[in-house]
Amino acid sequence: MKIGFVVSFFDFRNDVRRVITEVARQHQVVVFGKPQQAEAILRHLPEGVEFRFIEEQKPTVWNSLWERLYLLLKAIPRSRNNYFLMELFKASITTNPTQRKKAYQILSWSRRLPKVVSYDTYLDHLQIKQQTKIDDIDKFVFFTAIGDDYLLARLIREQHPNLRVYVYSWDHPCKHTCFSRRVNYFIWTEPLRQDVIELQNIPASKVQVIGASQFGYIEEFNREYRHRLPRSYPFRYIYIGCAIGPADLVPDEVNVIEQVAHFMAQTHPDLKLVVRPYPLVANWSLYSPIRSLPNVVIDDGFQSLDLSVTEAHLMEKFEKIHNAEAFFHLGTTMGLEACFTDTPSFILDFGYTSRQGLSLYNFIHQYQNDRHLIDLAPQNAITSLDELRKVLDNLDNPTYQVLNQRVQQQYTLKSFAAFADDLTEGSKEKMTNPI
């Protein structure tokens, strides 16, 4: 069988490359990507896997019109506030001042205009080239966000019989708009399945739980490395994973970390704070204010020339979480990952001065953080320095393990081989015809 994977962020998504590698052991695999992504894809393309350009977008006035209509009038998920917050974050990280101003203006218009163009309506109106070679592909797998709307439009139009979309992240159902009612979706866990159904208005029969590709590394760590890797640090420490990408907000996150470090120095001098920078921050000098603090260690050995992280560094990351006294964060998937260890995971919910717009508060209280972490175990949300003292004084309290237990009950860890098989084969009897 020949399987086509339509990818984006290929250099950053180590787990996607591992899944493709596993699939390539049993099948022929073709990776599809846009020409501008070719360099990053080819740099990390698994051995024996073919790469093809996507050539479907026609440069026509009609397509330009529909791209602009969809930009302004597209239907959005029911988690409306979270959607606009994410669009605001995306606009804020635009480096070109002119483009950033334009992005803010488009966002302002979008807030006021009606949301009347569905993703399916948009796909139906696109004019396509039909020049991508796909006639030999037996099955297509897309990852959210969709790598190319025009290719998906063609496959739906041609009624490709084996078309599936893997919802790559826990925050995609509440922030993305690229959900067609005519394809089948594969999702991490049942609560996230409900998010896809309720927030994106996707028929329940088209959404199936298969697990999380990202958690394949946790399964591998627990099975092979948990008791083999030596401790990275000989001292007791709190591990904190940075979560914020927009440069306008990184100083706020650094300020919270600085508060925690100073507080720990006064109340728990036996503990250090190990800080892992956010990989997607382009300018790591933003973390300079905490580098000189005597009880802070910056864990930045995983930094590379692009967005990739070596698998050895991924295993090292889990070792550092596993051996920490606690894991702190302000809203990151690592907060979920920590729940599969014996280390209690806490979200820091203080240090902000505003609750409006591009604010630390809104970043912490994104839809997925509230629904899938804070609401599961409110006691693991640290809301003040007084609460921080209580946590640090009682790290062994069983109440702080409740979040770990509830997360572990919801998610099934799978090896990459098992996940790859489920993603490409699936449970056919549980899914409806995709078209």
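Two strands count as paired if DSSP finds at least two bridges between them. I am also taking helices (H or I, at least four residues) and strands (E, at least two) as DSSP runs, numbered from the N terminus.

Before starting, I noted that this is a predicted model, where local features need pLDDT of at least 70, side-chain atom pairs count only at pLDDT 80 or more, and totals for chains, interfaces and linings use all residues. Residues are numbered from 1 along each chain as its sequence is written, and side-chain values use heavy atoms, with hydrogens and water left out.

**Strands β4 and β5**

I looked up the β4–β5 pair and found the two strands running parallel, joined by four bridges. I picked out F140, whose bridge partner in β5 is L163.

I found a cis peptide bond from T144 to A145, with omega near -10°. A145 sits in the loop that links β4 (139–143) to α7 (149–157).

Further along, in the loop between α7 and β5 (163–166), I came to Q159. Phi of Q159 is near 55°, a positive value in a residue other than glycine. Q159 has 55% relative accessibility, so I put it down as exposed.

N201 also has a positive phi, about 60°, and is not a glycine. I placed N201 in the loop between α9 (190–200) and β7 (207–209). At 41% relative accessibility, N201 goes down as partly exposed.

I then turned to a helix pair. Two packed helices are described by the angle between their axes and the distance between the axes. Axes here are lines fitted to C-alpha atoms, for helices over the stretch in contact, and angles run from 0 to 180 degrees between N-to-C directions.

For α11 (residues 250–267) and α17 (residues 385–393) I read an angle of about 50° and axes 11 Å apart. That makes α11 and α17 oblique to each other (under 35 degrees is roughly parallel, over 145 roughly antiparallel, 65 to 115 roughly perpendicular, the rest oblique).

Which residues make the contact (heavy atoms within 4.5 Å)? I listed Q259, V260, F263, M264 and T267 from α11, and L385, L388, R389 and L392 from α17.

Note on methods:
Contact means heavy atoms within 4.5 Å. Buried means under 20% relative accessible area, exposed over 50%, partly exposed in between (1.4 Å probe, protein chains only).
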